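Open the structure in your viewer and keep the selection tool at hand. Each stop below tells you what to select and what to look for.

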Amino acid sequence: MPANNRPANNRTSGNRLTANRPVKDCSAKDRPTPGLPTRKQILDFIQSSSEPAGKREISRHFGLKGNEKIQLKALLKDMAEEGLIDGKRTAFHKMGGLPKVTVLRVIDIDEGEAIAVPDTWQPDDATPPPRIRLIEKGRGSALRKGDRVLSRTEESATGWRAFPMKKLELRADQILGVVEIDGGGKPWLAPVDKRIRNSSPISDLGEAKAGELVLGVPIGRSARPSVKVTEVLGEPLAPKSFSLIAIHKHGIPNHFIEEVLEEAQVSAKLPLSAEHREDLRHLPIVAIDPSDARDHDDAIWAAPDGEGGFDALVAIADVSFYVRPGGQIDREARRRGNSVYFPDRVVPMLPEVLSADVCSLRSGEDRAAMACHMKIDAEGKITDWRFTRAIVRIDEVIAYEEAQARIDEGRAQEHLTNLWAAWKALATARSNRDPLELELPERRVKLDEKGRITEIAIRERLDAHRVVEDFMIAANVAAAKALEAKTAPVVYRIHETPSREKLMALKDYLATFGKKLAMGQVITPSLFNRMLKDVTDETEKALIMEAVLRSQTQAYYGPANAGHFGLALASYAHFTSPIRRYADLLVHRALVDAYGLEQPKPKADIPALSGLSERDREDLGRVSDAISQAERRAMEAERETIDRYVAAWLASRVGEVFDTRITGVQKFGFFATIVGLGGDGLVPVSTLGDERFTFDEKAKVLVGDETGTVFSIGQILKLRLAEANALTGALKYELPDGGGRIEPRGNAPALKHKGKHFVGQRGRPKNIRHQGRGKR
């Protein structure tokens, strides 16, 4: 996967929107005597607590200290694996229940009473979301369908109910859609979100016209309120609209207020001097990036050390020098969490005067940098490192393709050949470490100068990508270990070992291939790599790879280290992209504090300190949760936008027959994607002909009752594109002959249902980007 992949990916799971506050339902005299509590005591406390009950609150309530806290962590992990609690870290709740405080989404108004479901409930969860009655003060409901409300929940004899605490920001009320005029001349708003099935009547059209993409807000409190148009966004099928749809749908902040822009202008003028910085302008440091990169926040250099190893340098934009804690820019960057990348635009975390100009490591210009110096031995191990604040002058910004061509054609300069030589040593160490290796192709949308689609293709993976990737991983490890050496706060990038529940599901799945997964052994990435290496059939390998991918947990940020399973690393932190990730900025600030890298107080009217603030230190867990959630929001928005571009690209090809691969099977049909292009679409079971198909829940396959025809994941078959909706990104396929028996192509699995000799697994794969600069 390309190192600079900025999105997609897609395993979404909602974070608890709760704070780590002391539990208030127990007075001192009610507290139990110290000692590790039983499972029942923990469950009783979680159920009775009127506040979110995380590990900290449980520990405080039972008076645990020292080693007892370590034992509690292990006990909670066991309880999660046993299905007793939900397994979250910030606010546990009984499995099958709900957090004490959570965000709910109103789905209906029933006789004046609001009915809601958990806002974070995912469509592919195994059980349907619970319907929750919202108990409001006064008569009738002040809430409307679609409202998101922070609420306190409780389970009663008649079911779940909740008490609203706070109605969330206005953007949740907004509806994005296209204006339609019916036969009677009445305007309607057709939503672009495929989860919303019904159009809404428009009571105030404003200046909008039929066919235009608009934003509207509900007016009135009826079960089906009318809509007032608040903003006209333009032509809905114009390519630029696809990213706008995602921005507005997910509530991504895409405008900076004047105060932020003014502070950015002041920060951009801070004097840059080598007086208090290490001067590295003599080194031929290069930035290797995509040809269409909008910012350059990392650059690398290496040279032989004369002892068989290498001296190496990773220079990273010194964003913490320009963005001080507590300032207007910092508060806005914290709120955004990260930059969001679309084919036609970027929604930056920082104002462009910083992200695309002063902080970006441009060729031939003096720039402030955080420098990670490393010693690499002949086996690729990092034997030493140090961090400094430096001034650099990038020798050249090179596209991946150009750097690779110079190496392949023998016309690379010495500094490039040195980088490749150092990388080969790093690659050796990586091979010995044996991180999880999954082939995750990335779709790339190419646009012309007018924003029109010229090509959609799978991005080629080059050694140049791996060179940069391995240098970045080495610097990220060095940053984490450097902070640990000073017992300083760290925002770790965490990817936990797969849960026992997911491993059991994988074990059952592998059994359909006649393969075994012993549960008693230590689970490591190399175990999965060996499993895949032993599979010679490419179709079977793709199936197992997808199953392994689904077994992985979602990577997240947090202050408590749990290692990075996918990369096979004990300590890992994001250090290399502070222009576009707030987590990296926090790591930079921690390094500034830990190693005394603070610069002289600036004369400009901005905060003086560039290290961690007291708020950073106190709120590190809460901030980590927030930026993890912002990352998932960005990935969803980026993935949906690519889906819309693919649908638009295919709209003119409706009726054509494509080679497709089945990616998911459900009782209502199966999902398939075009080989080499992507574009997940549904084949409804109702279109499979007159034969009745039964859904096998265990194997996740559709089986024909008469012929035994099986539709299973990985199967290659020809399908006709029946529909392509660019507004929603939805595709629909159908069998070329309208139903009946389908013969597999190539080495697809057998189509006959023979006991357990078929394979299948739930849903479309959800990406965990362990590799590449985008989402490690």
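**A buried strand and its neighbours**

Four bridges join strand β6 (residues 175-181) to β9, and the two run antiparallel. Before going on, note that this is a predicted model, in which local features need pLDDT of at least 70, side-chain atom pairs count only at pLDDT 80 or more, and totals for chains, interfaces and linings use all residues. Residues are numbered from 1 along each chain as its sequence is written, and side-chain values use heavy atoms, with hydrogens and water left out.

Helices (H or I, at least four residues) and strands (E, at least two) are DSSP runs, numbered from the N terminus. Two strands pair if DSSP finds at least two bridges between them.

Select V178. It stands opposite L213 in β9. Pick L215 and look across to E231, its bridge partner in β10.

How many of the seven residues of β9 are buried? Six are, so β9 (residues 213-219) is largely enclosed by the rest of the structure. Buried means under 20% relative accessible area, exposed means over 50%, and partly exposed lies in between (1.4 Å probe, protein chains only).

**Salt bridges**

A search of the whole structure finds 41 salt bridges. The criterion is a side-chain nitrogen of Lys or Arg within 4 Å of a carboxyl oxygen of Asp or Glu.

Select R389 and D318. Their side chains meet in a salt bridge at 2.9 Å, N to O. R389 sits in strand β18 (residues 382-393) and D318 in the loop between β14 (310-317) and α6 (319-322), so the pair ties together parts that are 71 residues apart in sequence. Both R389 and D318 are buried.

Go next to D619 and R615. This salt bridge spans 3.8 Å, N to O. D619 counts as buried because its relative accessibility is 18%. R615, at 43%, counts as partly exposed.

Then select E656 and R653, a salt bridge of 3.2 Å, N to O. Here E656 is partly exposed, with a relative accessible area of 33%. R653 is partly exposed too, at 30%.

For a network, select E396, E402, R406, E409 and R411. Salt bridges link these residues.

**A positive patch**

Show the surface and colour K55, R56, R60, K65, K69, K73, K77 and R622. Together they form a positive surface patch. The elements that give two or more residues to the patch are α2 (55-61) and α3 (67-81). R622 belongs to helix α17 (residues 620-650). It is partly exposed, with a relative accessible area of 41%.

Patches are made of residues with over 30% relative accessible area and no salt bridge; like charges are joined within 9 Å, and nonpolar side chains (Val, Leu, Ile, Met, Phe, Trp, Tyr) within 5 Å.

**A hairpin and two positive phi values**

Select β20 (residues 443-447) and β21 (residues 453-458). Five bridges join these antiparallel strands. L447 stands opposite I453 in β21. The hairpin has five residues between the strands, and G451 takes a positive phi near 80°.

Most residues other than glycine have a negative phi. Two stops here have a positive one. Select D434, where phi is near 60°. D434 lies in the loop between α10 (414-433) and β20. At 24% relative accessibility, D434 counts as partly exposed.

Now select T487, with phi near 50°. Its place is the loop between α11 (463-485) and β22 (492-494). Is T487 buried or exposed? At 73% relative accessibility, T487 counts as exposed.

**A three-stranded sheet**

Select β27, β28 and β29. They form an open sheet in the order β27-β28-β29, with antiparallel pairing. Strands β27 (693-696) and β29 (710-711) stand at the edges, each with a single partner strand, so one side of each is left without a neighbour in the sheet. Four bridges join β27 to β28 (residues 701-704). Pick F693 and look across to G704 in β28.

**Last stop: a loop proline**

Select P129, in the loop between β2 (113-118) and β3 (132-134). P129 is partly exposed, at 33% relative accessibility.

Key. Accessible areas come from the Shrake-Rupley method with a 1.4 Å probe; for residues, only the protein chains shown count as cover. Lys and Arg count as positive and Asp and Glu as negative; His and the chain ends are not counted. The place of a charge is taken as NZ of Lys, CZ of Arg, CG of Asp or CD of Glu.
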